[in-house]
Amino acid sequence: MRIAYISHEFPPDTGKGGIGTYVKQMATAMAKKGIDVHVFAGSPLKSGSFIVDGFQLHLVQCDNGLDFKEKVLTFFSEQQQLLPFDLMESPEIGGNAWEIKKHYPQLPLIVRLHAPDYLVESLKKKYIPFFAKLRFVLGAFRRLTWDMGYWRKYNKEQDADYQFIQLADYITAPSKAMKNWVLENWDITTSKITVIPNLFLPDPAFLQIPVAAQNTYKRVVFFGRLNVLKGLVNATIAMKKILRVNPDWHFRVIGDDGNGPYAGTSMRNWMNQELKTVLNQVEFIDGMSYELLPVSIEQAEIVLLPSLFESFSYTCAEAMAAGKAIVGSKNGGMADLLVDGESGLLVDPENTAALYEALAKLIVDEEARYQMSINARQRIVTEFNTDVITQKCVDYYRAIAH
């Protein structure tokens, strides 16, 4: 069986996020099963073909995702003419395989759901003040146009992600939450979408981190992109109270800066302002390479991951593998797949009081925090058996290819 993964995002050149992680782990796992795997990915630096972890990586030098979508067809066609592929897979975001599917309509296309752009953008707008939204509408009115702006009704027919998914022969989702969102917003037949959890191959460095019985570091850590979607608005307010009440505790924030809740401000600047009375207990670290992450996570007892929505959450899986107590989001894949009541605490990420109470519980109750840390790692090791999920993926692919 010969499979092509089409993804602009791929580490390290274009992928620090979940899509790149997913594609790399899937390609590695499928190659180990003896499948002929080819990944077509973007790079701002170079073009070329390379052998990586047993699969072929074809890098397409490009400026962005739109540029990649146009240029990847040439690279794909070269390989298709050498030996035809049995199927291809692409994320819904950016329509990476759009031109390929148009050119090769008979080649089965699987669209893998991650988090459609409309879902992400609608969540990011949650904290825009009412009067800022109103000003947009009034400005449009003064220009003799009628645009409801942030209150504009969503039209899926004009959504590029929705348009691309219409080309899909098959659709997969990493969680029931992600499938349900698509069913509710895109009106796609439920039988067309198959839920298959993301593969997670934990780096041994995570599994080797000792689980501390006592609160040695007295630190809460967040890691991921700094933006509204990651739930950092309410989490920051909750952490300000945690740090005031617990002056010997610290907050480590790891990730590249992004847009804050208000226009013209970054998330890091907003957090700095919000936490100004406790800044001596706060540490910001830019996004780092995957290899350096375990050390930074090790120096903490609690990992805070309050995303407004996650289709899966590799960060949560990594924190659990590291043996850390999780305060996570009940919205999406964390609740569907990863964290249960014994391996972490799940709360409404928009409820500041609930976030504070969950953090305070783990700080005060060392025994509960320690047991949740043990359970978190054990759940990753046992419940996320990569061989089982890998075989499920192989069986799914083979049913499509034949």
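## Contact between H9 and H14

In this predicted model, helix H9 meets helix H14 through Asn234, Ala235, Ile237, Ala238, Met239, Lys241, Ile242 and Val245, which touch Thr352, Leu355, Tyr356, Leu359, Ala360 and Ile363 on the H14 side. Sorted by class, this contact of H9 with H14 comprises 11 nonpolar, two polar and one charged residues.

H9 spans residues 232-245 and H14 residues 352-364, and the two pack at an angle of about 40° with their axes 8 Å apart. Because angles under 35 degrees count as roughly parallel and those from 65 to 115 as roughly perpendicular, H9 and H14 are oblique to each other. The crossing in which H9 passes H14 is right-handed.

## The six-stranded sheet

Six strands, in the order S11-S10-S9-S12-S13-S14, form an open sheet with parallel pairing; its edges are strand S11 (282-285) and strand S14 (345-347), each of which pairs on one side only. On average, and with direction ignored, neighbouring strands of this sheet are turned by 20° against each other.

Within the sheet, strand S12 (residues 302-305) and strand S13 (residues 325-329) run parallel and are joined by four bridges, and Ile302 has Ala325 in S13 as its bridge partner. Helix H10 (residues 267-274) packs on the sheet, where it touches strand S10 (250-254) and S11, and its direction makes about 170° with that of S11.

## Confidence

The chain has an average pLDDT of 90, with 92% of the residues scoring at least 70. Over residues 130-141 the pLDDT stays under 50, and the model has 18 contacts beyond four places in sequence for them. Where pLDDT is low, predicted coordinates should not be read in detail.

Conventions: Residues are numbered from 1 along each chain as its sequence is written. This is a predicted model: local features need pLDDT of at least 70, side-chain atom pairs count only at pLDDT 80 or more; totals for chains, interfaces and linings use all residues. Side-chain values use heavy atoms; hydrogens and water are left out. Axes are lines fitted to C-alpha atoms, for helices over the stretch in contact, and angles run from 0 to 180 degrees between N-to-C directions. Angles under 35 degrees count as roughly parallel, over 145 as roughly antiparallel, 65 to 115 as roughly perpendicular and the rest as oblique. A crossing is left-handed if the near helix is turned anticlockwise from the far one by less than a right angle, and right-handed if clockwise. Contact means heavy atoms within 4.5 Å. Ala, Val, Leu, Ile, Met, Phe, Trp, Tyr, Cys and Pro count as nonpolar, Asp, Glu, Lys and Arg as charged, and the others, Gly among them, as polar. pLDDT is the predictor's confidence in each residue, from 0 to 100. Two strands pair if DSSP finds at least two bridges between them.
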